[in-house]
Amino acid sequence: MEEVKKIKITFEDGKTMTTYYGPDNRIGDSYWVTVFHHMRKYFCLINKNGKPITSLLTKELMSFFYTKDRNDILLELKGQNETHSNFYHFQKKEKEYHCVFSTENKDHIFFQMQQIDNSDYCYLISANQKMALYSLKDAKQITPFFDELELVDEDSTHLAFFSEKIILEEDEEQEKFIATELVGFIGYQGEFSSRIYDTNSLIYHNDDQRYYIILQSGLEGIKKFQELCFRITLAYQNYYSEVDRQNDEVISELFLEKIEVKDRPSYQNPAKIIPFPKR
C-alpha cells in the first residue's frame with residue numbers, strides 16, 4: 001500500500017513549499033496537494049516526483065475522474081466566489097501531464113463536462129443543457145450540440161444516438177413550440193454514421209425527402225449540421241406562415257358570408273304531452 005510522504009515543491013519563481021501526498025489525494029499518476037503560503041491556502045497538481053503540473057491555485061477541487069490507462073484526468077475546480085465550476089483536461093504526453101483543454105474562457109460562457117463510465121468520451125454540456133461529445137483521446141469537441149445524446153451498445157457500429165428539436169417562435173410574446181425533431185446516429189470519430197431523419201412530414205412531398213446526409217466530420221460536420229438546422233427551421237417557418245395566410249383568407253371570406261335560414265321551425269303552439277303508463 002502506498003504510504004503518505006512529505007515532499008518539497010519548487011515552483012518556477014523559486015518558491016519552495018512543503019506538503020504531503022499519498023493514496024488519498026492521488027489522481028491518476030498525479031497528486032492534488034494543499035500548501036500554505038503567507039497564511040493563505042493554495043492548491044496544486046504535482047507529479048510523483050513533486051514537480052508542479054499547475055501553478056499555485058486558489059480554486060478548490062470539486063470532483064475528478066481519470067481513464068483506465070491513467071493517460072487522461074479531468075478536474076472540476078471552483079473558486080470561492082465563483083458561481084460555476086470550470087473543468088480542466090490533463091493529458092499525459094511523454095510521461096508528463098499537460099492541460100490540453102479547459103472550459104474556462106474570457107467570455108464567461110458556462111460549460112460542464114460529465115464523465116461517461118468506461119468510455120474514452122465525456123459529455124460537454126452547455127448552459128441551456130444541450131450536449132456534445134468530447135473525445136478525451138483527441139482532446140476536443142467532436143460533435144455539434146444536441147438536445148439529446150446517448151451512447152449506444154459497445155458492439156454497435158454507431159457510437160451514439162442524437163435528437164435535435166427544431167423550435168419556432170409562435171408569436172411576438174416569444175412563445176415557442178417544437179416544429180419537429182431531427183434524429184440519427186454518430187460514429188466514433190464524431191461523424192454522422194447514419195442518415196439524418198426529420199420526424200415530421202409537413203414540409204415534404206414524399207418520404208424520401210425527409211432524409212439528409214452529412215459526409216463531413218469535425219468542425220466542418222458541425223458547421224454543416226448547423227446549416228441544415230437553419231434551413232429546416234426556415235422551411236417550417238415558411239410553412240406555418242403560409243398556413244396562417246391561408247387561414248386569414250378563409251376567415252375574411254367567412255366574415256363576408258351571410259347564411260339565411262328560410263324555413264325556421266315555429267314554436268308558437270305548445271307541443272302535445274303524451275302520457276306514459278306507470279310501471
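Predicted model: local features only at pLDDT ≥ 70, side-chain atom pairs only at ≥ 80, totals over all residues.
I started at the surface, where Val250, Ile251 and Leu254 make up a nonpolar patch with about 280 Å² of accessible area together. My patch rule takes residues with over 30% relative accessible area and no salt bridge, joining like charges within 9 Å and nonpolar side chains (Val, Leu, Ile, Met, Phe, Trp, Tyr) within 5 Å. Areas are Shrake-Rupley with a 1.4 Å probe, and for residues only the protein chains shown count as cover.

Residues are numbered from 1 along each chain as its sequence is written, and side-chain values use heavy atoms, with hydrogens and water left out.

**Helix 1**

I take helices (H or I, at least four residues) and strands (E, at least two) as DSSP runs, numbered from the N terminus. Helix 1 has 39 residues and spans 58 Å from first C-alpha to last, close to the 57 Å expected at 1.5 Å a residue; the expected span is 1.5 Å times one less than the number of residues.

Which residues of helix 1 are buried? I get Gly221, Ile222, Phe225, Leu228, Cys229, Ile232, Thr233 and Tyr236. Buried means under 20% relative accessible area, exposed over 50%, and partly exposed in between (1.4 Å probe, protein chains only). Those buried residues pack against strand 13 (140-141), strand 15 (160-169), strand 16 (176-186), strand 17 (196-198) and strand 18 (211-212), with contact meaning heavy atoms within 4.5 Å.

**Salt bridges**

I count a salt bridge when a side-chain nitrogen of Lys or Arg is within 4 Å of a carboxyl oxygen of Asp or Glu. That rule gives nine.

Arg245 and Glu249 meet in one of them at 2.5 Å, N to O. The two are four residues apart in helix 1, so about one helical turn separates them. Arg245 is partly exposed at 37%, and Glu249 is partly exposed too, at 42%. Salt bridges with shared partners also link Arg26, Asp29 and Lys92 into one network. Within it, Asp29 bridges to Arg26 with the closest N and O atoms 3.1 Å apart.

Lys59 and Glu82 form another, at 2.6 Å, N to O. Lys59 is in the loop between strand 5 (40-47) and strand 6 (60-66), and Glu82 in the loop between strand 7 (72-78) and strand 8 (86-93), so the pair ties together parts that are 23 residues apart in sequence. Lys59 is buried at 12%, whereas Glu82 is partly exposed at 30%.

**Strands**

I looked at strand 8 next: six of its eight residues are buried, so the rest of the structure largely encloses it. Strand 8 runs antiparallel to strand 7, joined by six bridges, and Leu77 stands opposite Asn86. I call two strands paired if DSSP finds at least two bridges between them. Six bridges also join strand 8 to strand 9 (residues 96-102), again antiparallel, with His89 partnered by Phe101. Two residues separate strands 8 and 9 in a hairpin, and Glu94 in the turn has a positive phi of about 55°.

Last, I checked an open sheet of four strands, order 10-11-12-13, paired antiparallel. Its edge strands are strand 10 (111-115) and strand 13, each pairing on one side only. Strand 11 (residues 121-126) and strand 12 (residues 131-135) share five bridges, and Cys122 faces Tyr134 in strand 12.
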